[in-house]
Amino acid sequence: MSLNGQAEITSNGLLRLTNNTKQQMGHAFYPTPLHFNKSFSFSTTFVFAIVPEDPQVSGNGIAFVLSPNTNLPGSIPNQYFGLFNSANNGNSSNHVIAVELDTILNFEFGDIDDNHVGIDVNGLKSVKANTAGFFSDGSNHVFHNLSLTSGQPMQLWVDYNGPDTELNVTLSPIKASKPVVPLMSITIDLSNSTLDSMYAGFSSSTGSVLTTHYILGWSFCFNGRAQDLDLSNLPSLPRIGPKEKPKVLTVGLPVILSLVALIVASIVGVMLWRSRKFAEVMEDWELEYGPHRFSYKELYTATRGFREQELLGAGGFGRVYKGVLPTNNCEVAIKRVSHESRQGMREFVAEIVSIGRLRHRNIVQLLGYCRRKGELLLVYDYMSNGSLDNLLFDGTKKGDLGWSQRFRIVRGVASGLLYLHEGWEQLVIHRDVKSSNMLLDGDLNGRLGDFGLARLYDHGTDPLTTHVVGTLGYLAPELSMTGKGTTATDVFSFGAFLLEVACGRRPIDLRAEEPIILVDWVLDHWQRGTLMETVDERLGSEYSVEEVELVLKLGLLCTHAIPPARPSMWQVMQFLDRDVELPDLSPDYMNVCVPHMEGYQVLMISSCLMGLLQTTRSCTLRLLRCPYSLVDIDQMICLGLRIECSFQGLDPLFVFCVLRFHHGKCVIYISFGEYRIEIIVNYHRSFTVLF
């Protein structure tokens, strides 16, 4: 090869026309001239690559050239490709024919774009040009663009048929077969622009952008078809950018490290998740209660992760799940109770552990507890027949209970409550005696359960709790004023429970147009002499009239408004066992009416009470019934009753209240949860409200 300018042959056989320098040019020609006649033909193909420093910008390109000499005197770089200069560009005396691979848009030469192939005769204004690309083989011949500055090798074919004066130019990616349809085809007689002796070769130039131009392989044939290039034997282009790292380092090592990191993170995550999942709250003072404490993991396993399928029921104080302890396969009921961290938790846990020492055949055994952040779990014996509430009011599941079963359950619950009040070393006030807390074992024996509200007191001391807790319909009226649970309040709840069992009705029935309070309803029938009409219709005639009448009257006696008038649980057991006859109480003993109380209105209630209801609204208090007798206490008359409290836009509330009469005034004490109302009534006048 005849080389000049920047052209050189690299050590691996590449023809490098420019060497990444600015405003330079390079020429490379076959050193032997070719002899052209009037009907000459030629065919050539070569593989080239244009490698710019910046793939977005290049300069200026490569040209395959037929020239009468190898040094192209007067030629300059930049847009002139090292072929011409501004003075001789376009002169017919040049006798230069070129196929340019142009990567710069030069408007002075009429370029179509900055990525095109053009046919030049004696100047750089192409006689024909087309955007770089190729037509796919097939029926549609779809055109595909190629970027000349991609840095990738491409192959170009230039075929001239002298007799037909046809010149075809074809471009394709490397290692692709020559497309059937050429990129450009033009009818042109090149013999008018050639001399008898011509040289074939390449020319390239750069401008202000650093670019390297390569020829990887070249084949030329005069008056025949050029030999195909053996692409597998072509030299390789120099590496572009930093040295490529082995795939083991670039792919394998990161993948391995990522997998290791993922495995470690997963193990740590699982360990943290398990530690949090089974995390418990354990303080030093709880160590003494070790035998009564279960691990959360043990309870989690027992309930199979507290699955919904193991849910036995839910209430205001938590959800109850069935479980099987993995240590001994014992069936248990586990109650999850939400709680906030507070003072008194130590005393509360101590009470739970103490309650766990209760032993009675009619009391559900509390086996132990577990404490987590924000949650307390209580573990009880499992009762296979559920609660009495379900059997009484969901007869579709197990069928109706007969009277003999009901009476046995009543007596068993009474025995258990007597044990709490008088039979153990400490007094236990249950505070939530109701049918849903009466659980039944496999033989339908009644057991008193759910000590979530129970509090322990030494015998002979006063209770310290002042919060009103329990269930509406079972609450004694004095709780509205005092908020203190006593044995008498437990007896009142037991009395409501007795009426519930005998009548088959809930303590407050909201299904009717006007809600029915069971105690008032039974009392009304007693006054009218129709007490036996209150008996549960599902019993039919299969019951003992004497026992049912005893239970109904005992229920009314236990729900007396005045605590001292109620029997103790010891007396209740004597009545149920018929060791002592029930007193022959007249209806008047249980009822007295107070005149001038019906229909009075409280016109406005202060926003202190209405904080629960968000805004001040008018309120009406209506006396439903005054069923209890008056008792003289310290020259003040006290009366227990129930009232209906209606707020505009809200459903009526049924509450217990206590009235005190003194010096022409009546003071009514009403409790709504944590709110207390004190209403002072002047006889024959409107109510006024104080807080």
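Student: Which residue forms a salt bridge with glutamate 308?
Tutor: Arginine 319 does, with the closest N and O atoms 2.9 Å apart. A salt bridge here is a side-chain nitrogen of Lys or Arg within 4 Å of a carboxyl oxygen of Asp or Glu. This is a predicted model: local features need pLDDT of at least 70, side-chain atom pairs count only at pLDDT 80 or more, and totals for chains, interfaces and linings use all residues. Residues are numbered from 1 along each chain as its sequence is written, and side-chain values use heavy atoms, leaving out hydrogens and water.

Student: How many salt bridges are there in the whole structure?
Tutor: A search finds 17.

Student: What does lysine 322 pair with?
Tutor: Glutamate 331, with the closest N and O atoms 3.4 Å apart. Lysine 322 is partly exposed at 24%. Glutamate 331 is partly exposed too, at 38%.

Student: New topic. Which residue does glutamate 547 bridge to?
Tutor: Arginine 578, at 3.3 Å between the closest N and O atoms.

Student: And is glutamate 547 buried or exposed?
Tutor: Buried, at 17% relative accessibility.

Student: Which residues are linked in a network of salt bridges?
Tutor: Arg406, Asp536 and Arg538 are linked that way.

Notes
Buried means under 20% relative accessible area, exposed over 50%, partly exposed in between (1.4 Å probe, protein chains only).
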